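Please work through each task before reading its solution.

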Amino acid sequence: MVTIKQIAEESGFSQATVSRLLNEDPTLSVSPATKNKILTVANKLGYGKRQNKFLISRKIALLTSFTAEEELQDVYFNTLKELILKQSKNANLEIDIFHDLDHLIAKGKNYEGFIGIGAYDLSSEKLAKLHEVTPLGIFLDINPYPDKFDSVQPDLSQTILDALDLLQRAGKKRIGFIGGVGSIMGQHNYRQDPRAFAFENWAKRLNIFNEKDYFVGGSFTTSNGYELGKKVITNLGTDLPDAFIVASDALAIGVLQAFNEAGIRLPQDTAIISINNIEVSQYVSPPLTTYSIDQKELCQTAINLLCDALERPDRAKIHAFVNTELVIRKSFTL
């Protein structure tokens with residue numbers, strides 16, 4: 001552990017001056033040169049590293065590559081962005097925001113690292129160019145280039161398995177799925193959302209997968225959820241599964257609208273478990289049972305990993321998963 005004494009000896013200033021500066025004593029008056037010398041030495045020796053806070057600000061970029069298809073879908077990504085901006089201040093990270101990957105590539109050499117949110121227009125070719133100019137970065141909520149950049153994601157595969165286990169323990173034998181079209185990224189850029197992939201994989205392993213109860217298509221919006229809900233009604237009529245797992249709250253709210261119009265009662269006729277726990281999910285009719293994603297923890301983990309990468313640029317890439325937590329409401333009850 002680095003001590004005040006070590007910093008004082010290497011910087012050439014007294015322990016009292018070093019201590020007061022590092023503890024942000026408002027009564028201390030020192031020249032900019034003195035402050036810079038002490039902080040430079042402290043940074044070099046790793047003081048404050050355990051708190052993932054740099055003593056001299058580090059300049060990074062924030063790439064927000066998501067499209068505002070509609071307000072409910074956009075809430076999730078905007079919340080991540082605002083949390084990153086807020087929490088980065090505690091780590092003394094200075095952030096510039098980019099909405100376009102090409103723009104970040106053009107300016108990338110000006111930044112020590114980056115955090116990326118969203119998956120819009122992230123081809124492997126462009127990500128390789130980004131790595132050339134800004135080799136240290138972390139993606140939040142996705143993992144598009146695992147051998148070059150870190151990532152932090154909610155553990156959606158485990159969430160789907162947890163939901164299947166929960167429903168089966170509750171006596172639900174026939175379980176359907178409603179989701180949008182996404183992308184399992186990486187070198188293969190497989191065109192299936194991770195939640196749909198996990199459901200199909202686990203449901204088949206559990207021998208409960210039924211193609212006619214599997215509805216996937218379109219974007220993760222309320223309007224598309226409404227269309228998928230109507231498709232469920234057209235295809236299945238009153239022969240509904242015991243429950244549906246719906247890939248996101250935004251989709252689930254649209255499904256609820258379609259079901260309500262058709263007189264389908266939840267949880268009597270079928271049940272719904274969703275994912276995200278956006279604020280409005282508790283106010284719809286019936287309120288959604290959903291898995292909450294701890295966005296604060298996602299963002300803090302991303303910042304911690306980036307700070308570590310800036311200190312140890314040659315370390316192996318790290319990919320972290322954050323658990324979700326079930327919130328029981330009226331669309332499915334135990």
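Helices and strands are DSSP runs, numbered from the N terminus; a helix has at least four residues and a strand at least two. The model examined here is predicted.

**Exercise 1.** Classify N276 and N277 by phi and by accessibility.

*Solution.* 
1. N276 lies in strand β9, and its phi is near 130°, a positive value in a residue other than glycine.
2. Buried means under 20% relative accessible area. Because its relative accessible area is 15%, N276 is buried.
3. N277 is found in the loop between β9 and β10; its phi is also positive, at about 60°, although N277 is not a glycine.
4. The relative accessibility of N277 is 22%, so this residue counts as partly exposed.

**Exercise 2.** Is T301 buried or exposed, and which residues does T301 contact beyond its neighbours within four places in sequence?

*Solution.* 
1. T301 is part of helix α11, which covers residues 295–311.
2. With a relative accessible area of 16%, T301 is therefore buried.
3. Leaving aside neighbours within four places in sequence, T301 is in contact with V152 and A320.

Key:
Residues numbered from 1 in each chain as written. Predicted model: local features only at pLDDT ≥ 70, side-chain atom pairs only at ≥ 80, totals over all residues. Heavy atoms only, no water. Buried < 20%, exposed > 50% of the residue type's maximum accessible area, 1.4 Å probe, protein only. Contact = heavy atoms within 4.5 Å.
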